[in-house]
Amino acid sequence: PVIEFFDYSVNLRTVTFVIDIIEENFKEVYYVDNDDEKETKKRLCSILKDGRCFAKKRFNTGDYSLTLHIVDQSGNEETQDADFSVY
């Protein structure tokens with residue numbers, strides 16, 4: 001997978017992610033909180049609309065360091081980091 005564009009914005013407790021992806025055999029986008037000892041995978045997108053993953057997620061107050069994983073059907077992946085604070 002190729003990440004063509006990546007951005008996120010924080011509005012109170014809601015974080016909006018926008019990722020433009022070039023991949024014919026797209027599977028999913030998920031994230032892992034790097035401070036989570038269990039390394040729980042949380043899905044952002046399982047379908048692209050016009051090559052874009054657009055997702056809004058609510059977070060509790062705190063500092064976050066996420067790694068987003070963009071995965072294709074063959075298991076190939078690209079990663080992107082996102083660090084932000086929620087107040």
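The model is predicted: local features need pLDDT of at least 70, side-chain atom pairs count only at pLDDT 80 or more, and totals for chains, interfaces and linings use all residues. Residues are numbered from 1 along each chain as its sequence is written, and side-chain values use heavy atoms, without hydrogens and water.

View 1. Strands are DSSP runs of E, at least two residues long; helices are runs of H or I, at least four; both are numbered from the N terminus. Along the sequence the pattern reads β-β-β-β-β-β-β. The radius of gyration is 13 Å, close to the 12 Å that the globule rule gives for 87 residues, so the protein is as compact as a globular protein of that length. That radius is taken over C-alpha atoms, and the rule is 2.2 Å times the number of residues to the power 0.38.

**View 2. Four strands form an open sheet in the order β4-β3-β6-β7.** Pairing here is antiparallel; two strands pair if DSSP finds at least two bridges between them. β4 (41–45) and β7 (77–86) stand at the edges with a single partner strand each, so one side of each has no neighbour in the sheet.

**View 3. Strand β6 meets β7.** β6 covers residues 62–72. Ten bridges join β6 to β7, and the two run antiparallel. Which residue of β7 is the bridge partner of L68? That partner is Q80.
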